[in-house]
Amino acid sequence: MFFNEKDNTNGMKKKMRLSLRQRQTTQMRLQIKPVLIFSCSCFAIVFAAALLFNNVGNVTTVKAASTTETIDSGSFIVNMGIVPQTVGNALVPYGMVYDLIKNYNTPVKWIINDSKAKDGTDFTYNAVAYKGGPFIIPAAFITSTIKTRITFWQGKGVQGIYTTSSLSAPVYSTLTAMPTMTIDNTDGKHAIITGYFDNALIPSSAYSVGPTTALSTCHDLWINPHGDPTWATHSRLYNFATTDGSFIFSQCHATSMMEGCKNPASPFQQLNFLSTTGLQCYSAGNCGSAITQTHAGNPTAPFTYNNANDPMMQFMGTIDAALNGGSEDWYIPQTTGAWRATTNAVLTTNNGPAGGKGVLLVYGPAYGMANSGWVMYEASHDFGGTTAAEVGAQRAFLNFMIFAASKKSISFTSTSIPTSFANNSSTTTTLGISVSSGTPPYTYQWGSSISGASFGSPTSATTTFKLPPGLAKKDGLITVQVTDACSRQNFLSQPITITSSALPVSLIEFKAELNKNNNTVELNWKTATEKDNDYFTVERTKDGKNFTELARINGAGNSNVIKQYNYIDNQPFIGTSYYRLKQTDYNGASETFRMIPVNVTSKGVKTIQVYPNPFVSQFTAKFESDEEKEVQITLFNSNGAVIHTETMMATSGINSYQYNGGEQLNSGMYFLKIADEKSLIGSVQIKHSIN
C-alpha cells in the first residue's frame, strides 16, 4: 500500500507543538567483541543468543569522554552556540569542517564539555561562553591557505574568532576523516536528505545515491529518508551493520518498517537494530508479521532532552517542533520488548515505561554489539527547513555523520615522527606509520610545509626525511595521507620545530591520559635519539605554575633507536591538573617540554563483588567508593530489559547492597550495573537459579 505522507491519508492528526522539560540521563554502550555466525539457519539460535548477551554486560557510557587540551594562541574558534540558530551560523560550519578535512588535510577539534547541562557552556574564552559543540582549528595548522579558506567560509555565514592567547578546552574528538555515504532512493525521495547537505554546503561528491542492494563494504553510512524496507529489498543491512560494522540513519515510517523486517528463512535474523523485539508500527499491518502493535499518531508531552553532553545532542534549543510532520512522528518499542540497554534515547516522549520510552531521536550500536556499526532514528517526514528547530534537527543528523567518520576512519599511529629537528642538512630521519584498520592495500603520501624538505620514499609507510641546508629556526608541518582500497582517506599532520642546534633528546611523543578503570593517570613518552641523557623528571601542577616532582626516570644516555618510557600517577588530583616532562644531561643542563592537562572527574567504584553467585532469592553486592555520592543500582535481564532499579547513597569506603526479589525471577543470566549521575561505574554478570 502506498502511503501519502503529506496528505496523512491514514487519519493521523498533526502533532501540536509541545513543551520541553530538560533531563540528564546516563546511557550505555557495549565493549564486548561478539562472535557472528551466519552460515546456516541452525546456527541462527547461537547468533541470536550472542545478540541477547551483548545487549548488556561490560558497558561504558556513551556520553562525551572529553580530554582537556591546551589550545594555542592563533587558533580559530567556530562559535556553534549562537542563538537563534540559522543555516549560516549552525549548518554551514559543517561544510567548512568537511572542506578543511577532505581538501586541505587540516584537523578540526570537536569540543564537548562532558558535564554540561542542555545548552550549557563547553568552555569560556575572553568572557564569551562557547556552547553547542564548537569546532576549533588549531593554530599550528592555520597556514596562509587555510586562513583564506576560513575567510571564505566566514563569508558564507560561519561565525568565529582567532584567539590571541592560549586556552584550555575539552576535546571530544580530533576530526581527520569523513565517511563514504550513500542515500537510499527506493521511494525516490532522496532529495530530502540531499537538502540537508545542501544547507550545510557539503558538495554532492560527498555521497552517492542508489538502492540498498548496491551497498558494499566500502560504504560507511547508509541514509534512508523514506524507502519502505522489506527483507527482500533491505536484507543487505543485516551484514552491513554487523559484519561490515557500517552505520545506518533512518527517518519517518521507514524506521518502524525496517525494525519489523525478518528473514523468512531464518526467523532470528531481524532488522531490529535498536530494540529487542521491534517497534510498534506507524500503521496497522504495514510492518510485517513480526510487529503486532501500532502506536498512536501523536506522542504525549512533555519531551525530555537527555544527555546534553552526547555528541548527537550538540545543537541549541529544542527540535521537537521540527519533528512533527509525516506518517511517523515518533517511535516506541513493542510492549513485548524494550530499547536495548545500549540504545541512547536522547529525545524522549512521555509515552511508555522506563526502558521502553517513546522517542523522537534515538541511536546506538546495532544489536548492542561493540563491533557493529551504529544506527540512528530521527522522526518526521522532512526537517530540512530554516527555522531554528529545523536547523537543530539537521545538526543532529550532521553530528551523526561526523560521529560515523570518527568511528569508521582508517586508523593508524605514528611510529617515529619527532616533534623537533636539528638544523643539520647532513642528517636524515626515519619516519613511519602503522595502519590498524581500513581495507588494504593502502597508498601513502608524505609531505611537508617546510620548503626544500625532502622524503626518501614519499609513497611508502616508512620513509626518510631530510631538511634543506642553511635552514633558519622555524615551525612547520609533516603530513602523511593514507588511502585504502575503498578510497577512504585519513591523514596525520604533525607540527614540528626546526632548531638551530642539535637537541640532547629528540622527543617523538609525550602523552598523559586518564585510566578511567582505576582513576590513575598514565604518562608515556618516546624518544627517537638521545645524547648524554641522564634522566627525565615527571612533574605535576594544579595551577600551571607551581610544579611538584613526582618521579625521576633514568635516561638511555646515548641512543639512536626508539626508546619508550612510562610512569603512572596513582594519586592524581581531582579536577584538572597539568603534567610536564623535563630532561637533564650528565652535565646538569636541562630542557623542559610542553605541559599536558588531564581532567579527573571523580574517584568511583573500584570493584563489585556479588555473592552468592548463582543466587536463588537474594544476593549481596559489595563495592568500594572513594567518596560519598548517590549511585543508581540497575538489574537487567538477558534481553536488556530493566528488572529493578533504585538509588542509594554510597559512603567513602566499602558499601553493601542487597537484592531480595529473586523469587519473582526466571532462571537465567542477569546483569547488575552501578552508576553515578555522570558515568557508568561498574557492572557484573549474575546467574539466577531456581531450586
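Modeller: Helix α4 and helix α8 are roughly perpendicular to each other.

Biologist: At what angle do α4 and α8 pack, and how far apart are their axes?

Modeller: An angle between 65 and 115 degrees is read as roughly perpendicular. Here α4, residues 191-199, packs against α8 at about 85 degrees, and the two axes are 11 Å apart. That value falls within the range, and therefore the pair is called roughly perpendicular.

Biologist: Which residues of α4 meet which residues of α8?

Modeller: From α4 come I193, G195, Y196, F197 and N199, and they meet Q394, F397, L398 and M401 of α8. Sorted by class, this contact has six nonpolar residues, three polar ones and no charged ones.

Biologist: Let us turn to another helix. At what angle do the axes of α2 and α8 cross?

Modeller: The axes of α2 and α8, the latter spanning residues 388-408, cross at roughly 15 degrees and come within 10 Å. The two helices are therefore roughly parallel to each other. Their crossing is left-handed.

Biologist: Which residues form the contact of α2 with α8, and how do they divide by class?

Modeller: On the α2 side are V87, A90, L91 and Y94; on the α8 side are V391, Q394, R395, L398, N399 and I402. The residues of this contact divide into seven nonpolar, two polar and one charged.

Biologist: How do α2 and α3 pack, and is the crossing right-handed or left-handed?

Modeller: At the other end of the scale, an angle over 145 degrees is read as roughly antiparallel. Helix α2, residues 87-104, and helix α3, residues 144-155, pack at about 155 degrees with their axes 10 Å apart. That angle makes α2 roughly antiparallel to α3. The crossing of these helices is right-handed. In α2, the residues V92, G95, M96, D99, L100 and Y104 meet T145, I146, R149, I150 and W153 of α3. By class, seven of the residues in this contact are nonpolar, two are polar and two are charged.

Biologist: How many disulfides does the model have, and which residue does C218 join?

Modeller: To count a disulfide, one looks for two cysteine sulfur atoms within 2.5 Å of each other. By this rule the model has two disulfides. One of them joins C218 to C486, with an S to S distance of 1.9 Å. The angle about its S-S bond is -65 degrees, and the link is left-handed.

Biologist: Where do C218 and C486 lie, and which parts does the pair tie together?

Modeller: C218 lies in the loop between β13 (207-210) and β14 (221-224), whereas C486 lies in the loop between β26 (474-483) and β27 (489-499), so the pair ties together parts 268 residues apart in sequence.

Biologist: What does E630 touch, and how far is E630 from A650 in space?

Modeller: Residues separated in sequence may be brought together by the fold, as one case shows. E630 lies in strand β37, residues 629-637. E630 and A650 are 20 residues apart in sequence, and their C-alpha atoms are 5.8 Å apart in space. Leaving aside residues up to four places away in sequence, E630 touches T647, M648, M649 and D676.

Biologist: What is the mean pLDDT of the protein, and where is the pLDDT below 50?

Modeller: The mean pLDDT is 85, and 87% of the residues reach 70 or more. Over residues 1-62 the pLDDT is below 50, and this stretch has 179 contacts in the model beyond near neighbours in sequence. Where pLDDT is low, the predicted coordinates should not be read in detail.

Definitions and conventions:
Residues numbered from 1 in each chain as written. Predicted model: local features only at pLDDT ≥ 70, side-chain atom pairs only at ≥ 80, totals over all residues. Heavy atoms only, no water. Helix = DSSP H or I, 4+ residues; strand = E, 2+ residues; numbered from the N terminus. Contact = heavy atoms within 4.5 Å. pLDDT = per-residue confidence, 0-100. Axes fitted to C-alpha atoms, helices over the stretch in contact; angles between N-to-C directions. Parallel < 35°, antiparallel > 145°, perpendicular 65-115°, else oblique. Left-handed = near helix turned anticlockwise from the far one by under 90°. Nonpolar A, V, L, I, M, F, W, Y, C, P; charged D, E, K, R; others polar.
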